[in-house]
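What follows is a walk through one protein chain, from its overall make-up to a few single residues. Please keep the sequence and the model in view while reading.

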Amino acid sequence: MALQQIVGQTVTGLGYDLVEIERSAGGLLRITIDLPWQAPVEGEPVLPEQFVTVEDCEKVTRQLQFALEVDGVEYKRLEISSPGIDRPLRHEQDFIRFTGHMVDLTLKAPIGEAGGGQVNANRKKFRGTLERTEAGGWQVVWSEEPPVKPGQRVSKKRVPAPLQALGFTLDELRDARLASIVDFKGRGSKDGPVQA
């Protein structure tokens, strides 16, 4: 049986989602898991976000060690982890789940003439808000305006930089991840400011 199939069956059988399988030098086999996500149902209360715990990783490790030994998969070290703050986005459902979040995208090919002179033709990397387009596709929306530093005064007369948008398909992406933005004030809801 292929490694992808063994790991996939074991992880989903335990009630988790398989995010990524990575083989590294030195025989390291790194498996990233997440809790299953279901789209919120309209009219029902939104459940608080849940996270993978150490106990979840331990449970998957024990089961995978057994499954990999039975199938004779070669590895020296097995590492099970949660996706972390820079979670990779691999499937359509990941993009649906994280609509409205800041993401980092890397295209397979430079944007070229599609930028219409507004964006460097050689640019491949973008950071912005992930949005669904009216046609059902995806886009990332960003502004070239530098972020305001704490304590910096901003003139009310200053005209903000215009928002830019780049539409893309999942086939055009080399890599997509949640932007790793650390806020030491704690997690705030997407809808409102963080309360101190």
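Along the sequence they follow the pattern α-β-β-α-β-α-β-β-β-β-β. The model is predicted, so local features need pLDDT of at least 70 and side-chain atom pairs count only at pLDDT 80 or more, while totals for chains, interfaces and linings use all residues. Residues are numbered from 1 along each chain as its sequence is written, and side-chain values use heavy atoms, with hydrogens and water left out.

A residue is called buried under 20% relative accessible area, exposed over 50% and partly exposed in between, using a 1.4 Å probe and protein chains only. Of the 196 residues of the chain, 30% count as buried. A contact means heavy atoms within 4.5 Å. Among contacts between residues at least 6 apart in sequence, 58% join residues at least 24 apart.

Next comes the sheet. Two strands pair if DSSP finds at least two bridges between them. Three strands form an open sheet in the order β1-β2-β3, with mixed pairing. β1 and β3 (77-81) are at the edges with a single partner strand each, so one side of each has no neighbour in the sheet. From one strand to the next the twist averages 15°; axes are lines fitted to C-alpha atoms, for helices over the stretch in contact, and angles run from 0 to 180 degrees between N-to-C directions. β2 and β3 pair in the parallel sense over five bridges. I31 stands opposite I80 in β3.

In α1 (residues 3-13), the residues L3, I6, V7, G8, T10 and V11 are buried, and the buried residues of α1 pack against β1, β2 (28-34) and α2. Just after α1, G15 takes a positive phi of about 95°.

Helix α2 lies across β2 and β3, at about 145° to β3. T61 is placed in α2 (residues 54-70). Is T61 buried or exposed? T61 is buried, because its relative accessible area is 18%. Leaving aside residues up to four places away in sequence, T61 touches L78 and I80.

The surface also holds pockets. On a 1 Å grid over the protein atoms alone, a pocket is an open set of points with protein on both sides within 12 Å along at least five of seven lines, and lining residues have an atom within 4 Å of a point. Grid points are joined across faces, edges and corners, and a volume is the space filled by probe spheres set on the points. The second largest pocket holds about 190 Å³ of space. Its lining consists of D17, L18, V19, W37, R87, R90, H91, Q93, D94 and R97. β1 (17-24) and α3 (92-97) are the elements that give two or more residues to this lining. The lining divides into three nonpolar, two polar and five charged residues, where Ala, Val, Leu, Ile, Met, Phe, Trp, Tyr, Cys and Pro count as nonpolar, Asp, Glu, Lys and Arg as charged, and the others, Gly among them, as polar.

P146 is exposed, because its relative accessible area is 59%. P146 and A161 are 15 residues apart in sequence and 9.2 Å apart in space, C-alpha to C-alpha.

Definitions and conventions: Helix = DSSP H or I, 4+ residues; strand = E, 2+ residues; numbered from the N terminus. 1 Å grid on protein atoms, 1.4 Å probe; cavity = no way out; pocket = protein on both sides within 12 Å on 5 of 7 lines; lining within 4 Å.
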